Amino acid sequence: MARRNPFVYLVALLLIGVMLGPVLYIIVGGFRTNSQITVSPAGLPDPWVAGNYTEILGSENFWRQVGNSTIVAVVTTAAVVALGVMASYVLARYKFRGRGAMYALFAAGLMFPATVAITPLYILVKNLGLVNTLPGVILPQIAFALPATIIILVPFLQAIPKEIEEAAMIDRCSRLGFFWRMVLPLSVPGLITSGILAFINSWNSYLLPLFILNNQDTFTLPLGVQAFASQYSVDTAKVLAFTSLSMIPALVFFSLFERRIVGGLTGAVKG
Amino acid sequence: MQAPPPLRPRRRGIGWAQRLEIVALSGPAILVFVSFVIFPVLMAAYYGFYRWKGYGVPTNFVGLDNYKTILQDTAFHEALWHNAEILVLSLVLQGPVAIGLALLLNRRMRGQSVIRVLIFVPYVISEVITGTAWALILQTNGAANDILRSIGLGGLAEDWLANPKLAIWTLMFILTWKYVGFAVILFLAGMQNIPAELAEAAAVDGASFWQIQRHITLPLLGPTIRIWAFLSIIGSLQLFDLVYIIWGQYVASTAGTSTMATYMVVEGRNAANYGYGNAVAVVLFVISMVIALIYQRFVLRRDTEGALTGGQ
């Protein structure tokens with residue numbers, strides 16, 4: 001298969017074009033003026049203007065939304081990984097009645113994203129007095145991210161050789177001591193994978209914040225992008241700049257940890 | 001799970017200390033999960049029997065009226081039909097495209113790792129950004145029509161988003177763009193679990209590249225394809241973000257892209273009919289669950305003691 005087939009490269013090139021075209025359109029379009037975009041919607045910047053980007057980078061709204069998104073994503077990720085690894089440890093290394101049922105409970109959650117539960121969830125959050133607060137988004141997000149986290153982590157923890165556990169037991173290490181001193185350090189790759197997935201999902205989350213956050217001050221970036229796009233619908237260039245700035249963190253995160261994400265998904269499929 | 005190590009003699013069953021550990025370790029996760037996932041779904045079933053504006057305790061019990069209204073509402077029928085279209089088209093469009101791309105990318109080639117990263121980029125970008133960008137590109141005086149005109153195909157320029165004959169296909173195109181990378185990555189991962197010796201042996205026996213793919217790669221990729229199809233089906237049934245972002249709350253139904261989930265949000269939350277919205281949620285849940293169970297029973301069952309779980 002070492003033969004170089006030009007057809008393969010042509011398809012691959014076409015693919016990259018289609019996949020990246022719209023992304024580049026957003027980024028490059030942010031360097032144009034509205035009149036440039038009106039005259040030639042698909043053209044290149046002539047001249048390049050940085051005004052759209054600098055204006056947004058100087059706006060308080062943008063940074064507040066970045067802050068909100070960061071808080072929500074970081075807290076969600078930390079909590080999901082912590083709760084997830086604890087529950088996964090039980091599922092992977094304890095034998096008890098109800099273990100299968102517990103696994104099935106979480107696995108069933110994987111099949112139903114937040115869409116189905118969003119209306120009653122909103123009412124629950126409202127009754128808890130958490131509407132328009134970040135915890136009102138964080139708590140449900142933790143719950144909905146748990147299934148994927150547990151599905152990824154259980155095989156990881158099961159793969160830790162039982163000899164290590166036996167050795168720890170001989171050394172009078174308790175199960176909890178084994179968890180702290182051996183399991184956590186050994187499962188760091190799995191924790192990173194599930195953490196990144198939880199982070200990106202949280203960063204991109206739309207439906208839940210849409211229901212819970214109605215106050216501009218608590219908007220996360222996806223809500224901010226949409227509010228900005230409808231508020232400045234005539235100012236296409238600025239919308240493009242805002243949009244491209246808001247996708248940077250997810251892209252950076254992804255490119256840093258791409259191998260781990262792909263590896264984690266593979267593990268989940270093999271589950 | 002392995003047998004317990006015989007090093008320390010253990011009583012039958014588990015001791016209270018272990019019980020405590022199990023509760024302490026898994027308790028928080030179960031508590032959060034049950035409170036914010038299971039409980040709301042159960043509450044939806046309760047609220048669905050009421051006409052209720054979302055304030056205080058629901059008192060106006062209407063029995064099955066909400067469900068009758070849903071099942072008689074042509075807007076819901078249309079949404080259900082769109083979900084069915086999206087479900088089928090996602091499978092028949094994304095599946096073959098993704099398998100083809102995975103086959104291409106599975107060959108050793110220069111820049112392979114770069115392509116794998118790039119094909120995943122749309123999946124990482126949020127739905128809001130995807131929706132906003134494509135809505136700008138595809139509007140009548142947007143970049144897509146501009147490109148068509150500049151290469152002399154101006155006759156093909158269309159109102160991609162509002163034309164009810166086209167809109168569902170535009171949506172399918174955007175969905176494919178967004179989610180095909182995920183399928184390709186899954187398939188590539190599945191292909192890497194297929195022993196190379198099989199293809200080599202077949203090649204020695206004179207099988208062509210396509211014969212090898214058809215008779216070795218595809219059958220062995222079966223479990224991965226079935227898992228992907230399951231995820232795709234669930235995603236199609238619950239599709240909300242992209243439709244709501246691009247078509248909004250009013251245009252989706254006239255453009256022919258409304259889904260059960262957008263119907264639920266528009267008729268429930270936006271109209272402040274929370275009882276009704278919850279009833280729609282229940283219908284959506286039941287439909288998803290029935291399809292999921294049927295699929296698991298008849299399609300995924302054969303994988304349960306096969307490659308799916310045997311991988312570890």
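In this predicted model, helix α3(B) passes helix α9(B) in a right-handed crossing. Helix α3 spans residues 74–105 of chain B, and helix α9 spans residues 209–237 of chain B. The two pack at an angle of about 145 degrees. Their axes lie 10 Å apart.

Which residues meet here? From α3(B) come B:Asn83, B:Ile86, B:Leu87, B:Ser90, B:Leu91, B:Gln94 and B:Leu103. From α9(B) come B:Gln213, B:Ala229, B:Ser232, B:Ile233, B:Ser236 and B:Leu237. By class, the contact of α3(B) with α9(B) holds seven nonpolar and six polar residues. No charged residue takes part in the contact of α3(B) with α9(B).

α11(B) passes α12(B) in a left-handed crossing.

By class, the contact of α11(B) with α12(B) has nine nonpolar, two polar and two charged residues.

The table sets out the two pairs.

| Helix pair | Angle | Axis distance |
|---|---|---|
| α3(B) and α9(B) | about 145 degrees | 10 Å |

Next, the domains of chain B. The domain assignment gives domain 1 at residues 16–61 and domain 2 at residues 72–310 of chain B. How far apart do the C-alpha centres of domain 1 and domain 2 of chain B lie? The distance is 31 Å. The contact between these domains takes 11 residues from domain 1 of chain B and eight residues from domain 2 of chain B. On the side of domain 1 of chain B that touches domain 2 of chain B, α1 and β1 (50–51) of chain B each supply at least two residues. α1(B) gives the most to that side, with four residues. By class, the side of domain 1 of chain B that touches domain 2 of chain B has seven nonpolar, two polar and two charged residues.

Chain B also touches chain A. Here 79 residues of chain B are in contact with 79 residues of chain A. Which helix gives the most to the side of chain B that touches chain A? Helix α1 (residues 16–47) of chain B does, with 18 residues. That side of chain B has 52 nonpolar, 19 polar and eight charged residues.

Now chain A. Chain A has 13 helices and zero strands. Its C-alpha atoms fill a box of roughly 75 × 65 × 30 Å, taken along the principal axes.

UniProt annotates chain A in an unreviewed entry.

Residues 7–28 of chain A are 100% helix and 0% strand, with end C-alpha atoms 29 Å apart. Residues 71–91 of chain A are 100% helix and 0% strand, and their end C-alpha atoms lie 30 Å apart.

Notes:
Residues are numbered from 1 along each chain as its sequence is written. Chains are lettered from A and ligands numbered from 1 in the order in which they are written. This is a predicted model: local features need pLDDT of at least 70, side-chain atom pairs count only at pLDDT 80 or more; totals for chains, interfaces and linings use all residues. Two residues are in contact if their C-beta atoms, placed from the backbone, lie within 7 Å. Ala, Val, Leu, Ile, Met, Phe, Trp, Tyr, Cys and Pro count as nonpolar, Asp, Glu, Lys and Arg as charged, and the others, Gly among them, as polar. Domain bounds come from an automatic or database domain assignment. UniProt positions are given in the numbering used here, feature names are shortened, and annotations may be inferred rather than shown by experiment. A crossing is left-handed if the near helix is turned anticlockwise from the far one by less than a right angle, and right-handed if clockwise. Axes are lines fitted to C-alpha atoms, for helices over the stretch in contact, and angles run from 0 to 180 degrees between N-to-C directions.
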